[in-house]
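Here is a short report for a reader new to this structure. Look at the sequence and the model first, then read on.

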Amino acid sequence: MAPPRRKLLATVEETLTPPDTLTEGQTIARVLRATGNNVYSVELPSKESLLVELPARFRSTIWMKRGTYVLVDLNALEQRDNKLAGEIINIVRDQKAWRKARYWPKEFVRPTIRDDDDDDDDDDDDDNEEESNAGKLPPLDNEDDY
């Protein structure tokens, strides 16, 4: 039986707002891959790779893919004697709000998009940029055949 809808909505709403501060042992990490059985491989800002567990309240509620940012508690599973280094306690869904927080790691800063209209000095960069194919149909190989 599925959990009640109010419980799902509360979990989803919880992931939208970042906490005010992080406690000792909590850090932001990037998901590298799902290894199975609700265990994920994550990368810390120090480029260290760890295995963390996804708690039951997030399972089948919020789906994560590679590159998703999560809040990990490294002290949560200290007493267990296994390969798991921590537990995911929150999932970053509204990156704009989370990135404004003081504790967001400098290593996870999003690359800025330059506007070439402001700089007329860099005309050589325009030749190397390709147009995005997002939302477009694939090109036809042989238009003469039709």
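## An aromatic cluster

Phe-108 has a relative accessibility of 2%, so Phe-108 counts as buried. Tyr-69, at 8%, counts as buried too. Trp-104 is likewise buried. Buried means under 20% relative accessible area, exposed means over 50%, and partly exposed lies in between (1.4 Å probe, protein chains only).

Tyr-69, Trp-104 and Phe-108 make up one aromatic cluster. The structure holds two aromatic pairs. Rings of Phe, Tyr and Trp (its six-membered ring) pair if their centres lie within 6.5 Å; planes under 30 degrees apart count as stacked, over 60 as edge-to-face, and the rest as tilted. The ring centres of Tyr-69 and Trp-104 are 5.1 Å apart and the planes stand at 70 degrees, so this pair is edge-to-face. Tyr-69 sits in strand β4 and Trp-104 in the loop between α2 (95-99) and α3 (125-128), so the pair ties together parts 35 residues apart in sequence. Tyr-69 and Phe-108 form a tilted pair, with 5.1 Å centre to centre and 55 degrees between the planes. Phe-108 also lies in the loop between α2 and α3, so its pair with Tyr-69 ties together parts 39 residues apart in sequence.

## About the model

This is a predicted model: local features need pLDDT of at least 70, side-chain atom pairs count only at pLDDT 80 or more, and totals for chains, interfaces and linings use all residues. Residues are numbered from 1 along each chain as its sequence is written, and side-chain values use heavy atoms, with hydrogens and water left out.

## The barrel

Five strands form a closed barrel in the order β1-β2-β3-β5-β4, with mixed pairing. Helices (H or I, at least four residues) and strands (E, at least two) are DSSP runs, numbered from the N terminus. Two strands pair if DSSP finds at least two bridges between them.

Strands β2 (residues 39-43) and β3 (residues 49-53) run antiparallel and are joined by five bridges. Tyr-40 has Val-52 in β3 as its bridge partner.

## Two nonpolar cores

A nonpolar core is a set of buried Ala, Val, Leu, Ile, Met, Phe, Trp, Tyr and Cys residues joined through side-chain atoms within 4.5 Å. The largest has 15 residues, and those with the most contacts inside it include Tyr-40, Val-42, Leu-54 and Met-64. Two or more residues come from each of β1 (26-36), β2, β3, β4 (69-73) and β5 (86-91). Another core lies apart from this one; it has 10 residues, among them Ile-28, Leu-71, Trp-98 and Trp-104.

What does Leu-54 touch, leaving aside its neighbours within four places in sequence? Leu-54 is in contact (heavy atoms within 4.5 Å) with Asn-38, Tyr-40, Arg-59, Met-64, Ile-88 and Ile-91.

Thr-68 is found in the loop between β3 and β4. Thr-68 is buried, with a relative accessible area of 14%. A polar atom of the Thr-68 side chain lies 2.8 Å from the backbone oxygen of Lys-65. Leaving aside neighbours within four places in sequence, Thr-68 is in contact with Ala-29, Arg-30, Val-31, Ile-91 and Val-92.

Gln-95 has its place in helix α2. At 24% relative accessibility, Gln-95 counts as partly exposed. Leaving aside neighbours within four places in sequence, Gln-95 is in contact with Tyr-69 and Arg-110. Gln-95 and Thr-17 are 78 residues apart in sequence and 9.5 Å apart in space, C-alpha to C-alpha.

Conventions: A polar contact is a pair of N or O atoms within 3.5 Å; within protein, one must be able to donate a hydrogen and the other to accept it, and residues adjacent in sequence count only if both atoms are side-chain atoms.
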